Every structure is written in C-alpha cells, then in structure tokens.
Amino acid sequence: MADTPDAPWLTIVGIGEDGLNGLSPAARDALERAALVAGSPRHLALLPGLRAESLAWPVPFSAGVPMLLARRGDPTVLLASGDPFWFGAGSSITRHLRPDEWTAHPAPSTFSLAAARLGWALQDVECHGLHAAPLTRLRPGLAPGRRAILLLRDGPAVGQLAAWLTEQGFGGSILHVLEALGGPRERIRQCTAEAPDLADIAHPVAVGLSVAGEGRTLPCASGIPDDWFDHDGQITKRPARALTLSALAPCPGETLWDIGAGCGSVAIEWLLAHGSTQAIAFEVDPDRAARTRANALHLGVDRLTVMEGRAPDILTGRTRPEAVFIGGGLSQSLLAALFALPGGPTRLVANAVTLESEALLARWHADKGGDLLRIELAQAMPLGSRRGWRSAYPLVQWSVTL
C-alpha cells in the first residue's frame, strides 16, 4: 500500500479480553487488509486464525519499535490493550511517526470497564498504571474516602499492594480485584489490605482501591511538616520552605533546579505541586544525595533526578530551567555562573543564613533588583514552668527573574 496521507500504513487497534467480538467494523477491516499484525503474545492469542503475518512484540517494549518501523509502508496493525492512548502503547509508537502515517481505533479502557463494574464516577477517581512504577506513587493520594483504579503487573503485585497499604496505616482499605475485565474469564473479588486472602489472581489484573484507615495523609499545601523528610539537619524548615515555594511559584510542566538540595525537601514539594513538574537536585554529599532519592520515592515523586557534584562546575553546559533554588553552596561564582547560562526567563530564589551570604545577596539585589526578604521566626518553647520565645536564625531570601 502506498504511503500517502490518504492511506496510513499503521493502524493501532485497541483490543479487550472479548477479542474480535469487541472490535469495531473499522478495526476489523484493518485486520482484514493487514499484511502484518503485531502485538503481545496475549493479544495475538485473542485473534486465532489470522491470515496476516504475526509479530510477537518483544520485551522491553522499546525493542519492538525498530522492528515495526522496518515495515514502514506495509499495511500493519498494532494491537494494544483497550484505549492505546490511556496509559497505553499508543504515544510510544506515534512519536516516531508523521500524523499521516497512522490511525487508531480504541476500545474501552480497563479504567472505563472497572468504573462501570464498580459504579464509580471515573472523573472522581485517580487512575494509575503501575506495571513498572513503584507503589509509592500512590502516597500523595492516600486519604480516607478517596478512590483509585490501579493497573498492576500481575497477581503477586496485588499482595505487594496490600502489604504496602497496611504498612502505611491504611490496612482497612478495600481492594476490588478485577481480573480479565470484559472477557469470558472476567472475575471480580473483594478483600481488605490487611487480610488479602485471594489466591490464583489472573492476569490482566486491576484493583479498585477504596482508601480507609488511620494512616497519615500528606497535606496539599506547601510547607509540609519537617518530619515527612529523613534529614541530618540540612533541611529548609517548614515555614521558610512554604515561603520559598511561594516565591518559586511552580507551574504545570516547569522544571526546577534545587542546588545544594540537602534532603531534597524543596525539590520534592515542587514535584508535589503538580504531576507534570520536573526537578533536578544537585548535591555534593553522596549521603545527602541518597537521602534525597529515598525521600522522593517515599513521598511518591519518582520523577526527581539527583545529580552528585559541586555547583557551579556541575552546571557547565546546561540550559537554565524555569526556576532555580539555591539552598546550599551560595557563592559569588555560583550566582555569576547562573546569570551567564543560556535559557529563557528563570525565577531564581536564594536563601542565606550567614552574615557573609546575606551581604552577598544584598550586593546582587542592589545590582540586579528583585525582592529581598528578611524572615525572622520564633517558636514558643518551655522556659522553666512557663513558656518563652526561642528565635531561629534570621533568613534572608532573594528572589529575582534572570
């Protein structure tokens, strides 16, 4: 078939557990015309008697992309689960193609089928594909009364989910275990996280999660309590962190550099602000870098990149992102390097505690402008049989747009 805008050579077909019976006429027509049908062994098994050549998609998924592109121009069908563009393979393929090279015919997603079986309003439910992602990704949404639909790797992963929820204090959560939805093997069972007594859980499997228990809920506001973070004292404390995040002003899709990350508290809260934000933490101390990685994983933001090295040297050759925070290692050379790097408008926030670093920020503020803020905090503490104020070191914060 000619590779023309009128005839895409690739058709992405979403298929469910009901196989051919669940496909639209257009999807069936594409299968009839195909010279090649590619998909996982499970998907190919749903379509016995194919006349076209079949290609079992390899593991890892990326290994199959060159194999598919080598057949460019031949009428080809790629089978994917349900809706290929809802936690599916669709965009992993189409990013390599022109818009005129492909078309798609989705089927109901597992999320839609699960919501239909459980009677849940899908727009009010968190949806997660956890085939290869850590369970900790659920942590920000763990709150009594919340619901989520989770796609899991296999049956044993359900037990791992139950154990993790119980460890977090949400053992009372109800797990609706949904197996092979939409097909003849469909089965729906229920248990609690603290008593996962289900055996022989079949693949593919999803879980409808109704959160319950006495576990701790992660606040949504900036400046979460310090004890959410493992640290060695090198942490931007909660009130100062809240003001710092306010000045950094995270927006969807933006990236932060956290320089001198310590335990990573600022970068992690930046990532918690929106699911599309990104962050890179720069930390010279290997132990603190490891602690930052662990804190990010524990709080469900596995998209934090941690770079070990000393700034400004580690920044050489990079392009400035939308926001930069200097929490440690503030120096004349670091500020000069940041201003010299290429990049669009960048919101810079730097915190200083020592007299020397405070004087440095005062000089740069006089030269470059921006806002200079002095933060003085005191906390009520026991004083004999009474109480008194214990003052923290004053913090000077400079914020400016580069």
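In this predicted model, helix H10 (residues 332-340) and helix H11 (residues 355-368) bring their axes within 11 Å of each other. The axes cross at roughly 30 degrees. Angles under 35 degrees count as roughly parallel, so H10 is roughly parallel to H11. The crossing is right-handed. On the H10 side, the contact is made by Gln-332, Leu-335, Ala-336 and Phe-339. H11 contributes Leu-360, Leu-361, Trp-364 and Lys-368. By class, the residues of this contact divide into six nonpolar, one polar and one charged.

A second helix pair was examined in the same terms. Two packed helices are described by the angle between their axes and the distance between the axes. For helix H7 (residues 238-248) and helix H8 (residues 265-273), the axes come within 10 Å. Their crossing angle is roughly 55 degrees. H7 is therefore oblique to H8. The crossing of H7 and H8 is right-handed. Arg-241, Thr-244, Leu-245 and Leu-248 represent H7 in the contact. They meet Ser-265, Val-266, Glu-269 and Trp-270 of H8. The residues of the H7 contact with H8 comprise four nonpolar, two polar and two charged.

At the level of domains, the assignment for the protein gives domain 1 (8-106), domain 2 (109-209) and domain 3 (224-399). The C-alpha centres of domain 1 and domain 3 are 46 Å apart. An unreviewed UniProt entry carries the annotation "domain: Tetrapyrrole methylase" for residues 10-194. The end C-alpha atoms of residues 10-194 are separated by 46 Å. Helix accounts for 25% of that span, and strand for 25%.

Backbone geometry was considered next. Most residues other than glycine have a negative phi, and most peptide bonds are trans. The peptide bond from Val-59 to Pro-60 is cis, with omega near 0 degrees. Pro-60 sits in the loop between strand S3 (53-56) and helix H3 (64-69). His-203 and Pro-204 are also joined by a cis peptide bond, where omega is about 0 degrees. Pro-204 belongs to the loop between strand S9 (187-192) and strand S10 (205-210). Asp-200 is found in the loop between S9 and S10. Asp-200 is not a glycine, yet its phi is positive, at about 40 degrees.

How values were computed:
Residues are numbered from 1 along each chain as its sequence is written. This is a predicted model: local features need pLDDT of at least 70, side-chain atom pairs count only at pLDDT 80 or more; totals for chains, interfaces and linings use all residues. Side-chain values use heavy atoms; hydrogens and water are left out. Axes are lines fitted to C-alpha atoms, for helices over the stretch in contact, and angles run from 0 to 180 degrees between N-to-C directions. Helices (H or I, at least four residues) and strands (E, at least two) are DSSP runs, numbered from the N terminus. Angles under 35 degrees count as roughly parallel, over 145 as roughly antiparallel, 65 to 115 as roughly perpendicular and the rest as oblique. A crossing is left-handed if the near helix is turned anticlockwise from the far one by less than a right angle, and right-handed if clockwise. Contact means heavy atoms within 4.5 Å. Ala, Val, Leu, Ile, Met, Phe, Trp, Tyr, Cys and Pro count as nonpolar, Asp, Glu, Lys and Arg as charged, and the others, Gly among them, as polar. UniProt positions are given in the numbering used here, feature names are shortened, and annotations may be inferred rather than shown by experiment. Domain bounds come from an automatic or database domain assignment.
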